[in-house]
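Work through the exercises below with the sequence and the model side by side. Try each task before you read its solution.

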Amino acid sequence: MLEVDLRKCTRVEIHLLTAQGLQPMLDVPIYGRISTLELFRPYGEAQDFLFIATEKYKFCVLQWDAETSELITRAMGDVSDRIGRPTENGQIGIIDPDCRLIGLHLYDGLFKVVPFDNKGQLKEAFNIRLEELQVLDIKFLYGCSKPTIVVLYQDNKEARHVKTYEVALKEKDFIEGPWSQNNLDNGATLLIPVPMPLGGVIIIGEETIVYCSATAFKAIPIRPSITNAYGRVDADGSRYLLGNHAGFLHLLVITHDKERVTGLKIEPLGETTIASTISYLDNAFVYVGSNYGDSQLIKLNLHPDEKGSYVEVLERYVNLGPIVDLCVVDLERQGQGQVVTCSGAYKDGSLRIVRNGIGINEQASVELQGIKGMWSLRSSTDDIYDTFLVVSFISETRILAMNHEDELEETEIEGFSSDVQTLFCHDAVYNQIVQVTASSVRLVKLSSKEVAQWHSLAGYSVNVATANATQVLLATGGGHLVYLEIGDGVLNEVKHVQLEYEVSCLDINPIGENPNYSQLAAVGMWTDMSVRIFSLPSLELSKKEHLGGDIIPRSVLLCSFEGVSYLLCALGDGHLFNFLLNTSTGDLIDRKKVSLGTQPITLKTFSSKSTTHVFAASDRPTVIYSSNKKLLYSNVNLKEVSHMCPFNTAAFPDSLAIAKEGDLTIGTIDDIQKLHIRTIPLGEHARRICHQDHSRTFGIIAVKFCLSFMDESDMHFVRLLDDQTFEIISSYPLDTYESACSILSCSFADDINTYYCVGTAYVLPDESEPNKGRILVFLVEDKKLQLIAEKETIGSVYSLNAFNGKLLASINQKIQLYKWMLRDDGSRELQSECEYHGHILALYVRTRGDFIVVGDLMKSLSLLIYKHEEGTIEERAHDYNAKWMTALELFDDDIYLGGENNFNLFTVRKNSEGTTDEERGRLEVVGEYHLGEFVNRFQHGSLVMRLPDSEVGQIPTVIFGTVNGSIGVVASLPQEQYIFLEKLQSNLVKVIKGVGGLSHDQWRQYSDDKKTSDAKNFLDGDLIESFLDLSRNRMEEVSNVMSVSVEELCKRIEELTRLH
């Protein structure tokens, strides 16, 4: 059993390597930014442990419990020092191969040691002084009687050397090690310790690879490249995979005569994503993790393909990072936003279209009004595909089938009753079909067209019915419940009971061993609003569960997800109960209630990619599925759906038939997941994006990197893409050394056209800050970019905004306003109207009315105002705290949201009520929160359909994108809701303990170089929504402290989930 641990900055995922690829086992948040993730196995242990250290100097040791599929914390602690300068080259965490100690390099000049005792427990940590200040890498050497580290460092003349030290645990000091090596390749950055019997270390440089030990020194030249990652192939360390900055994978082979290294060889294998980590799993399977594009599971083949590559990509794992820019658009014009991101970097650059919910791709459609039910049937029991689609109406039943042209046409099944409404029908054993109507049950043999019938009880008609391949369960008026079994040409009435109330819904979907026979029946009741479980064939009551309230159950379903049995029960008001079902006793436990819509729901199972899911048809159709043994609900991107049934035909495999608003549609369904991500590979780095509705295009700024090591000239382009096909339809190359910084779609006063404006900078090698740039104005004509006007600027145009029919630009340290003027010859030009100086670098600008908010490189936020009469821009207020800004957005006239480079979010408020000029001139910080991610862009918008009838529809939301590839939402909540959720969060923190004993409160503390303070006026939505995943007992624990019912808590949190 091989498990793969993945680190995603603030999450740990555990996957199992199976014949089908990587199968997710666990995905948990870590309350910290992970700096070190190392596996180790202490002496005498049967399995590996996981060591995690975070950037805020916390650490923990975790163990995987295969029985409960949970992580157990074995140890935890804090390794911070009161004084010390944090390392510039990033934290390093390493574990001695013989598990004698963990070594950490967190501060310049210090090496922290966490020793193990002889039982594998961690003892108290201590520091050892390290003379080398500019450390590039540290590793433990193999096969040393005393723990020995090898240090790669740079001296103050920028030469690079390697030194070894023995760690004397008793003396708590270093002893000079067995060897050292001076004056290595100036690009040496990476050490690879080699296991015994060879020992020693490989030093990877930009132009050479060196093997070094006490007794040997071997070097080979390589083509200039920067190696980002390595993975060991063999246990004896004779082969390594190396991944470089251009995404090429090489095999490094150490040639040896068992004990002595005789040489090094390097061979190219092929191209992968740009590797940040490489893990050789087993049997030539390799996991390549990437920060710059999708991660990959690859297989190394023995023989090359026609392109000479040994690499075969088996699976891709989506990574949106780094998200450099994004825009929110409604491409389908359905009132639902989609996010288009500039993702990845270098050759792995792409656009990603991210949308919420599951799409139905329509294949065929026919107009049909008044559908009351639908079922698919096969023409024989052995058929793998469905042939017929039975559609029931109030007074007739019609049968449709696919003809040779793959069109739906009406047909007949002899013996089938088509002049009445069908209540239920199903394929039955022995090549038969069972049809239930109000008066009878008909069993039709498809070969001989013989019909066997069971007639309803005298004076009562059948109200509801269900069936599977061997059983029929129906209820008539008067509370009669009748159970029949299907034989070859016969229907046997096995049991008949009378219940005290009328039956509202039934189900006998087989979820046990036998796929054709159910041991249990689920029955929903009128009057007492209960759901009951009966055992079959005896119809003995196993369990009665009162649902409470006065809404009747309209649909029940027995189903199984990932081997776990559930009972789903949908009510007439759009609510759904789910219970865990004990299939042997019929017991129902762990009751949970969710709201899916406002209208009655009907539940049906369907298959997609050989996995069973449930479709809940209602005014907000939803697919219910399971991931990591958790039930998840994903909205389907359709308006109201009244009925659905699977319709798996040869022409349209795995399709669904859907009845909605007078139409019957056959369509295939997207992959079952909450977010759908479409990738548009660019092969270059997209830096900025904006959408122009008028021309139905996207404008992007792209950088094409030249991979040759000597020539670092990058080409910048303005590209135009069609917003439906995402094809590049026009390009405009920029000058040599010219780099585009901003793009905007806008229109000007007194001009009907819509333009793209692009701001650029000339980045010259000898200038510290650009002194020259341009503003280019393009018009899209015949799907081509036409340059209409250009304006030279004194500096880099970091930001462009449409502003009252004019163009507002931030250029280096100033804000400049341009108006769009008509020349005498009829051409147009940008003319400067006014400017405002007073920033270090004005990087981010947002406007609202006459207000301008500026995010500065290091001076936080300031508020400016444009005065029409004087035609000037003045400062109104600013935040007096120093903050290095990364992103900015305005929630409303008074509240502004910022992201800064210590991974924090904050909000400031304009104090227009202030009594003195000083008060009014201060932007007051009102909210602070540690997000733990570097935000590159905020944008107003939402990924969900905003239904005007819901409270949620009125809550303003801002979407953000981060370097790590996260997309998040910040929502501005009403005061009353905030207070309620704040109380809930503080109670949840007590119930949901952080993995590795890490504290949620400490993780969310606002922290920068100057201060650390508790989060205020921000809530952690992910934590609050995790309430819905708790077991019933733990939900009740929270509910008792809150004095609010579990149902009410679930309802209020589900409302929140509709924000994203």
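Domain bounds here come from an automatic or database domain assignment. The model is predicted, so local features need pLDDT of at least 70 and side-chain atom pairs count only at pLDDT 80 or more, while totals for chains, interfaces and linings use all residues. Residues are numbered from 1 along each chain as its sequence is written, and side-chain values use heavy atoms, with hydrogens and water left out.

**Exercise 1. Domains**

Task: list the domains and find what distance separates the centres of domain 1 and domain 3.

Solution. Step one: the assignment gives domain 1 (1–78), domain 2 (81–184), domain 3 (360–673) and domain 4 (973–1059). Step two: taken over C-alpha atoms, the centres of domain 1 and domain 3 are 43 Å apart.

**Exercise 2. Aromatic pairs**

Task: classify the ring pairs Phe111–Phe174 and Tyr230–Tyr240.

Solution. Step one: rings of Phe, Tyr and Trp (its six-membered ring) pair if their centres lie within 6.5 Å; planes under 30 degrees apart are stacked, over 60 edge-to-face, and the rest tilted.

Phe111 belongs to strand 10 (residues 110–115) and Phe174 to strand 15 (residues 173–181), so the pair links distant parts of the chain, 63 residues apart. Strands (E, at least two residues) and helices (H or I, at least four) are DSSP runs, numbered from the N terminus.

Step three: apply the burial classes, where buried means under 20% relative accessible area, exposed over 50%, and partly exposed in between (1.4 Å probe, protein chains only). Phe111 is buried because its relative accessibility is 1%, and Phe174 is buried at 13%.

Step four: the rings of Tyr230 and Tyr240 have centres 6.3 Å apart and planes at 65°, so they are edge-to-face. Tyr230 is in strand 20 (residues 227–232) and Tyr240 in strand 21 (residues 239–244), so the pair ties together parts ten residues apart in sequence. Tyr230 is partly exposed at 24%, whereas Tyr240 is buried at 0%.

**Exercise 3. Charges over rings**

Task: which ring does Lys883 lie over, and which does Lys910 lie over?

Solution. Step one: a charge sits over a ring if NZ of Lys or CZ of Arg is within 6 Å of the ring centre and within 35 degrees of the ring normal. Step two: Lys883 is over the face of Phe906, 4.4 Å from the ring centre. Lys910 is over the face of Phe851, at 4.0 Å.

**Exercise 4. Two helices**

Task: find where the buried residues of helix 5 and helix 6 lie.

Solution. Step one: the buried residues of helix 5 are Arg1032, Met1035, Val1038, Ser1039 and Met1042. They fall within an arc of 125° (from the directions from the helix axis to the C-beta atoms), so they line one face of helix 5. Asn1033 and Asn1040, on the other side of helix 5, are exposed.

Step two: the buried residues of helix 5 pack against strand 51, helix 2 and helix 6 (contact means heavy atoms within 4.5 Å). Just after helix 5, Ser1043 has a positive phi of about 55°.

Step three: in helix 6 (residues 1046–1057), Val1046, Leu1049, Cys1050, Ile1053, Glu1054 and Leu1056 are buried. Their arc is only 150°, which puts them on the same side of helix 6. Their cover includes strand 51 (588–595), helix 2 (975–991), helix 4 (1021–1025) and helix 5 (1032–1042).

Technical notes: Expected span 1.5 Å × (residues − 1).
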